[in-house]
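Work through these exercises with the model open beside you. Try each task before reading its solution.

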Amino acid sequence: MSKQKQIVIVESSPTDMLAKISIVLRRRGYKTILIYLSGNAETEFYKKAYDLTILFKGKFLKVTLKNIPKICLYLIKKSPTIIKNLFLIKKLKPYLIIGRANPNWLCFIFKNMFKNYPFVYFPYDIRSFVYGDLQEALKDNIPKFEINAERYCFEKSHGIIHKGHEEELNFLDPNFFGRKVNIKAPILHFPPYCLNDLTCKINPNKLSKKDKEIHLILAGYMDIDDPSWCNLIKEILDQKIHMHFYGKTANLSDEELDNRIGNSELRKLFNNKYLHLHRAVKQEELPNEISKYDFGVIFYHPNNTKKNITMCSANKLASYLEAGLPFICFKNYEYMTEIGKSYGIGISIDSNNLKNLKTILNELDYRKLIKNVEKARVDFEINNHIKRMEAFFADTIKFKYSKQKKIF
């Protein structure tokens, strides 16, 4: 293998955020390697991010007694791929490994597989924040070992990256885990940042300039099966505001996604001329594609006060900034509200006031918002933060080997 420092990234399916980080690291002389279970990392965007990709072509099956025979048969069927990939992995000599959750069991496995190397845990979505208590998680069929794996990774990893609010790790609930989570490793707060390659010029040719109507964009996850979420969308459409959706679920093909949307609660709104469903576009094409709209939208559950909502960062924020768009979110998204207010690039509203959205948007100084977006893009450019990450890598490695000396 190359003498370049190897950064190995482990994911269930490839994410754009880690691909952006990898593109910058690769340009700084690192060799970047992606190990993933499913999805597609063969697009041009991902080819720019990774020197090598190792795909297990996995299928997610719930680990239950009933499913054990299926899992065993599946593993036997996939054994040639598994064996081949394990040989490839054995040849790696990582400078550092980044394991991205969810699922946490995947990070647990690879931390122990690479036990002689520094391991960074990246709880991309902190699973314990989704639930009010342990019983709620168990009722939702989250296995106890998955919950234990989250606590294990927080406590036993040599470094932790998180992308939500800077203080979010202070809210890990000891009642959920059975005791206080004791984090000793270095921590890096690293929200979703913009990649200069994707950032486009502010688009003066807005659709709204032609039809004198407001156009909103929601990129990514859509809560299409939730009647209350669909009612929120209807409330926007009823104000004669255009809603454009570029939805994509990583584990679904375009055909599967079409079928899912067509059989969802959202189908009731298909005849509304202000609703626009678009094909998901490649990450490298997304900013230019959506730059013709007026605002990006970040909202799902307007009254949810769980930490996965209030403390979270939205990956779509980076895409909106790359496209030159201000954003709208609900007030319960505290971290997004904080970013929007501090940079002057977004507004947050109460769901009870959604019926007045058109009036609120028409009263905004849009030119000022756009100027603030241009300024914020400088602060959110990933190249301006990558040295912080490299310093964190150095601290992680130091922590790993100083810990080893104490043990032995």
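This is a predicted model: local features need pLDDT of at least 70, side-chain atom pairs count only at pLDDT 80 or more; totals for chains, interfaces and linings use all residues.

Residues are numbered from 1 along each chain as its sequence is written, and side-chain values use heavy atoms, with hydrogens and water left out.

**Exercise 1. Salt bridges**

Task: Count the salt bridges, then examine the pair R100 and E11.

Solution. 
- Step 1. Apply the rule: a side-chain nitrogen of Lys or Arg within 4 Å of a carboxyl oxygen of Asp or Glu. The count comes to twelve salt bridges.
- Step 2. Take R100 and E11. Their closest N and O atoms are 2.9 Å apart.
- Step 3. R100 sits in strand β4 and E11 in strand β1, 89 residues apart, so distant parts of the chain are linked. Helices (H or I, at least four residues) and strands (E, at least two) are DSSP runs, numbered from the N terminus.
- Step 4. Check burial (buried: under 20% relative accessible area; exposed: over 50%; partly exposed: in between; 1.4 Å probe, protein chains only). R100 is buried at 6%. E11 is buried at 1%.

**Exercise 2. A network**

Task: Find what R27 pairs with, and say which residues share its network.

Solution. 
- Step 1. R27 forms a salt bridge with D197, with the closest N and O atoms 2.5 Å apart.
- Step 2. R27 belongs to helix α1 (residues 16-27), while D197 is in the loop between β7 (187-189) and α9; the pair therefore ties together parts 170 residues apart in sequence.
- Step 3. R27 is exposed at 52% relative accessible area. D197 is partly exposed at 36%.
- Step 4. Salt bridges link R27, K48 and D197 in a network.

**Exercise 3. Helix α5**

Task: Decide where the buried residues of α5 lie around its axis.

Solution. 
- Step 1. List them. In α5 (residues 104-113), the buried residues are N104, L106, C107, F110 and K111.
- Step 2. Look down the axis. These residues fall within an arc of 150 degrees (directions from the helix axis to the C-beta atoms), so they line one face of the helix.
- Step 3. Find their partners by contact (heavy atoms within 4.5 Å). The buried residues pack against β1 (6-11), β2 (31-36), α4 (79-90), β4 (94-101), β5 (119-123) and α7 (144-156).

**Exercise 4. Cavity and pocket**

Solution. 
- Step 1. On a 1 Å grid over the protein atoms alone, a cavity is a set of points where a 1.4 Å probe fits but cannot get out; a pocket is an open set with protein on both sides within 12 Å along at least five of seven lines; lining residues have an atom within 4 Å of a point. Points are joined across faces, edges and corners, and a volume is the space filled by probe spheres set on them.
- Step 2. There are two cavities of 30 Å³ or more.
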